[in-house]
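Here are my notes on the model, as numbered points. Please read them with the structure open.

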Amino acid sequence: MLRIAVALLATLSSPVFAANTSKTQIFATAFLDVQGLFPNTLQSCAAIAPASVAPLQAAYAQWQARHGAYQQELQQIIRKNLLLEVGPEKTEQAIAAFKNAASKQIAPIHFPQNYHFKDDYFCTRSLLREFAEGSDDSGGLPLKFADYVREWKQQSTPAK
């Protein structure tokens, strides 16, 4: 299913995003339910590293205000552009593939649910990096939704 989405993306005339993050990665991450996944991940972190809870909540709140609020708009832009370029049926297939990749491949690694960590590294370092740095060569997820929306709008606006 993800192969279908990748093939469709090759034909999509969307802008190239900052930090050379791939469209596939951004599009799949756009459909990642960060707001739904974070509470259980935080609860797992609280069990192994209680001191990580406050910094994680602060990092998440800052990310939510700066980027999370743009997630739905990014999803709408992706859907609109796919509809224009490949039609409704292939758009639905691609979005289903993005959602599947987000929930089955990305979420278990970056937002494990009800997990019992062996040490506090994930909670005190890795997860904080996801919200703080996104994809700027940190190996983190491309969660800078506001930046992607802004870039898409700038590159999609015809020159005057």
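**Notes on the disulfide, the helices and the loops**

1. C45 is buried, at 0% relative accessible area; buried means under 20% relative accessible area, exposed over 50%, and partly exposed in between, with a 1.4 Å probe and protein chains only. C123 counts as buried too, at 0% relative accessibility. These two cysteines form a disulfide, with their sulfur atoms 2.2 Å apart. The rule used is a pair of cysteine sulfur atoms within 2.5 Å. By that rule the count is one disulfide. The link of C45 and C123 is left-handed, with -85° about the S-S bond. The pair connects distant parts of the chain: C45 sits in helix α3 (residues 34–48) and C123 in helix α6, 78 residues apart. Helices here are DSSP runs (H or I, at least four residues), numbered from the N terminus.

2. On the basis of all this: the model is predicted, local features need pLDDT of at least 70, side-chain atom pairs count only at pLDDT 80 or more, and totals for chains, interfaces and linings use all residues. Residues are numbered from 1 along each chain as its sequence is written, and side-chain values use heavy atoms, with hydrogens and water left out.

3. Which residues of α3 are buried? They are V34, L37, F38, T41, L42, S44 and C45. They cover an arc of only 165° around the axis, so they lie on the same side of α3. The arc is taken over the directions from the helix axis to the C-beta atoms. Q43 and A47 are exposed on the other side of α3. The helix has 15 residues and reaches 21 Å from its first C-alpha to its last, close to the 21 Å expected at 1.5 Å a residue. The expected span is 1.5 Å times one less than the number of residues.

4. Helix α4 (residues 53–66) has 14 residues, which should span 20 Å at 1.5 Å a residue; its end C-alpha atoms are 20 Å apart, in agreement. Its buried residues are V53, L56, A59, Y60 and W63. Seen down the axis of α4, these fall within an arc of 130°, so they line one face of the helix. The face turned away from the buried side of α4 carries the exposed residues A54 and A65.

5. A132 lies in helix α6. A132 counts as exposed, at 56% relative accessibility. Its C-alpha is 8.6 Å from that of Q62, 70 residues apart along the chain.

6. How do α5 and α7 (residues 145–156) meet? Their axes come within 8 Å and cross at roughly 40°. That makes α5 oblique to α7, since angles under 35 degrees count as roughly parallel, over 145 as roughly antiparallel, 65 to 115 as roughly perpendicular and the rest as oblique. Axes are lines fitted to C-alpha atoms, for helices over the stretch in contact, with angles from 0 to 180 degrees between N-to-C directions.

7. Two loop residues remain. D33 is in the loop between α2 (23–30) and α3. D33 is partly exposed, with a relative accessible area of 45%. D33 and Q71 are 9.5 Å apart, C-alpha to C-alpha, and 38 residues apart in sequence. N114 is found in the loop between α5 (71–110) and α6 (121–133). Phi of N114 is near 50°, a positive value in a residue other than glycine. N114 is exposed, with a relative accessible area of 52%.
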